[in-house]
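Please keep the coordinates at hand while reading.

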Amino acid sequence: MFPQSEAGFLRPKILFIINSLTGGGAERVMAALLSHSAGYRDQYDIALALLDNEPQAYEIPDWITVHQLDCGGSLWQSVRQVRALEKSLQPSVTLSFLTRANVANWASRAARRKPWIISERVNTSAHLGHGFSGRLSRSLVSLSYRHATRVIAVSQGVADDLSHNFAVPTNKISVIANPVDITRISRLALEKHPVHTQEPYIVAIGRLVENKNFRLLIDAFSAASVPEKLIIIGDGPLRSVLEKQIADYGLQDRIILTGFISNPFPLLAGAQFFVLPSNAEGFPNGLVEAMSTGTAVVSTNCRSGPSEILARQSNMTIERMTPVDFGVLVPCDQIDAMADSLHYLQDDVIRKRLARLALARTKDYTPEKAAQHYWHVIGSAHAAA
C-alpha cells in the first residue's frame, strides 16, 4: 500500500523515456506497451518523455502525460534535458528504450540512487558497429548498462550478448519478447494495397541496409528459379545497389522493390511465404508480424531472435536449410541454403501446415502478456528501492 494524502493514495510516478515516436520497431513497442497499461494507472502515475521533437507515428493514451523535449538527436542534450525533467518530476522509477535514451537515463539516475530500468532492443554488439564512434558507444554501454537496476532484453540472444560482452550481471537481466497486436494486424490485413499482384509472390520487409542482407535473398531467388514473384518492402541507403543487382540478373519483371508502406499486412497475408534474410536482429518484429497474418516463414538463423521464435531455442546451430517447429531456418549468408528453403516451401501441404503453426505461435506474443511482464519488473524495482 502506498502513502496516503488528503486526496487519496499517492501513486508512484513511473517515467518512460524514448528518443521519439517516429515509425520504428522500438517506437511501436513503446506505444503498444503504454496502450495496454490501463490496468496499472490506478496504481502508478505514468508519464512519457520524448527526447526529440519529431512527428509521431503512434498514438499514446490521453491519460498518460507526455513531456516533449527537444534534444535534436544529441546525446549531450538528451542527458541535460532528461536530468532537468527528472529533477522536476522526481519519478520513483524510470524505464528507457534505445541506446541514447538508455545512456541519458543512466546519467540522470546513477547519482540519485533511484531505480532505473533500461530495455535493450537490439543485439548490441552487432548494432554498434566499428570505428571510433562504435568504440565510444561500446564504452558508454559497458559503463552504464551494468549499473542499471534492471535490464530488459527482447530475446535471450540479446541477454547473452549483454552479459558476455558488456559485463551486465545475468541476475539483473529479464527477457521480455516484443508484443504483437494480433487483433489489430488481422483487421489491417483485410485491406487492399495497389502493390498486390494477381500472381503468387514471396515477400520480405526491412531497411535496405547491410545487416538486413537483401542481397542474399536476391541471389538465392535468382538461383532457385521459383515461380513466384518477390516483393521487397523497404527504404534505405542500399536501394541503388539492390536495384543494380536485380538488373544484373535480369529480374526487373520478377522482383518488385517498393518503399515502406503504412499497412504491409494485406501483402503479408496474401504472400505464399515471408523471408527474413538478416545477418543480425534483436527481436525481429517483422517475422512475428508476418506469422500473425497466417503466413509461413523462412528466416536466417541470425544472432538473437529467430531460433527462439521458430524453434523455442536460443543459440541454435544449423549447417543447412532446417525445418523447425514454426517455420524454416537457414544459416546466415548461405545462398544455396536460402535457395533450398524457397524450393521447400513450394509444397502446398508443408507451406499451409507451417502457416497454421506460425499463427498459433504468435499467441505467445500478445501486448497484454508483454505489459504484464514489464509491470512486474517495474513493480519489483520500486518495491526494492
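## A helix pair

At roughly what angle do the axes of helix α8 (residues 214–224) and helix α9 (residues 239–248) cross? In this predicted model, the two axes come within 10 Å and cross at roughly 10°. Because angles under 35 degrees count as roughly parallel, α8 is roughly parallel to α9.

On the side of α8, the contact is made by Phe214, Arg215, Ile218 and Asp219, while α9 contributes Val241, Leu242, Gln245 and Ile246. Sorted by class, the contact of α8 with α9 has five nonpolar residues, together with one polar and two charged residues.

## The overall fold

The protein has 15 helices and 16 strands. Its radius of gyration is 22 Å, close to the 21 Å that the globule rule gives for 385 residues, so the protein is as compact as a globular protein of that length. The C-alpha trace spans about 70 × 45 × 35 Å along its principal axes.

Of the 385 residues in the protein, 55% are buried. When contacts between residues at least 6 apart in sequence are considered, 66% of them join residues at least 24 apart.

## Lys369 in helix α15

Lys369 lies in helix α15, which covers residues 367–384, and with a relative accessible area of 38% Lys369 is partly exposed. Once its neighbours within four places in sequence are left aside, Lys369 is in contact with Lys363 and Asp364.

## Two loop residues with positive phi

Which backbone angle of Ala167 is positive, although Ala167 is not a glycine? The angle is phi, at about 60°. Ala167 lies in the loop between α6 (156–166) and β9 (173–175), where a relative accessible area of 47% makes Ala167 partly exposed.

Asn315 is not a glycine either, and has a positive phi of about 55°. Asn315 is found in the loop between α12 (306–311) and β15 (322–324). With 60% relative accessibility, Asn315 counts as exposed, because exposed means over 50% relative accessible area.

Definitions and conventions. Residues are numbered from 1 along each chain as its sequence is written. This is a predicted model: local features need pLDDT of at least 70, side-chain atom pairs count only at pLDDT 80 or more; totals for chains, interfaces and linings use all residues. Side-chain values use heavy atoms; hydrogens and water are left out. Axes are lines fitted to C-alpha atoms, for helices over the stretch in contact, and angles run from 0 to 180 degrees between N-to-C directions. Helices (H or I, at least four residues) and strands (E, at least two) are DSSP runs, numbered from the N terminus. Angles under 35 degrees count as roughly parallel, over 145 as roughly antiparallel, 65 to 115 as roughly perpendicular and the rest as oblique. Contact means heavy atoms within 4.5 Å. Ala, Val, Leu, Ile, Met, Phe, Trp, Tyr, Cys and Pro count as nonpolar, Asp, Glu, Lys and Arg as charged, and the others, Gly among them, as polar. Buried means under 20% relative accessible area, exposed over 50%, partly exposed in between (1.4 Å probe, protein chains only). The radius of gyration is taken over C-alpha atoms; the globule rule is 2.2 Å times the number of residues to the power 0.38.
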